[in-house]
Amino acid sequence: MTPVRRRVAVLHGVNLDQLGRRPKAVYGDLNFDALERQIGAFATELDLDPRFFQTNDEGEFVGHLHRLDGMVDAIIINPGAWTHYAWAIHDALEIAALPSVEVHLSDVMAREEWRRVSVVRDLCVATISGRGVDGYRDALIRIKQELT
Ligand code: DQA
């Protein structure tokens with residue numbers, strides 16, 4: 001029998017831990033703990049098992065991606081500003097070789113020009129941007145389709 005695949009790494013990069021102190025007009029008024037609690041509740045509804053990780057250190061983020069093999073079945077990734085220039089994160093996500101969805105709370109395409117580049121987009125089955133916390137529910141639904 002095939003084991004059920006339901007473990008999802010939810011990876012938050014640089015400055016996401018500071019939600020609540022960032023512009024509310026852009027990021028909403030949830031703080032980071034509330035964001036992760038809400039994602040946890042979405043995952044429970046969908047019978048998925050989220051494994052959260054956040055760091056402000058790019059090397060730690062890359063190292064974490066290296067260690068995911070065999071630990072989770074899929075990835076939801078919001079690298080924060082690293083999204084737009086950190087090619088080492090692209091390469092580490094490629095090494096992880098798991099179905100991945102990119103999420104941004106804000107609508108990165110409607111903001112500054114430099115935010116339109118994403119180094120992870122080509123490795124992800126979907127990119128969800130500008131839906132706030134609900135974007136994580138969309139991402140979990142997409143991951144569930146990928147794992148079923
Ligand atoms: C973000 C968008 C990035 O451009 C920004 O640097 C962030 C958060 C988002 O979730 O909207 O830190 O990834």
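Reader: What volume does the largest pocket have?

Author: This is a predicted model, in which local features need pLDDT of at least 70 and side-chain atom pairs pLDDT 80 or more, while totals for chains, interfaces and linings use all residues. Residues are numbered from 1 along each chain as its sequence is written, and side-chain values use heavy atoms, without hydrogens and water. A pocket is an open set of points on a 1 Å grid over the protein atoms alone, where a 1.4 Å probe fits, with protein on both sides within 12 Å along at least five of seven lines. Counted as the space filled by probe spheres set on the points, joined across faces, edges and corners, the volume of the largest pocket is about 170 Å³.

Reader: Which residues lie nearest the centre of the largest pocket?

Author: Lining residues have an atom within 4 Å of a point. The largest pocket has 15 of them, and those nearest its centre are Arg22, Tyr27, Gly80, Ala81 and Arg115.

Reader: What takes up the space of the largest pocket?

Author: A molecule sits in a pocket if more than half of its atoms lie within 2 Å of the grid points. The space of the largest pocket is taken by the ligand.

Reader: How far is an oxygen atom of the ligand from an N or O atom in the side chain of Ser106?

Author: A polar contact is a pair of N or O atoms within 3.5 Å. For the side chain of Asn78 the distance to a ligand oxygen is 2.8 Å, and for that of His84 it is 2.7 Å. For the side chain of Ser106 it is 2.6 Å.

Key
Polar contact = N/O pair within 3.5 Å; in protein donor to acceptor, adjacent residues only side chain to side chain.
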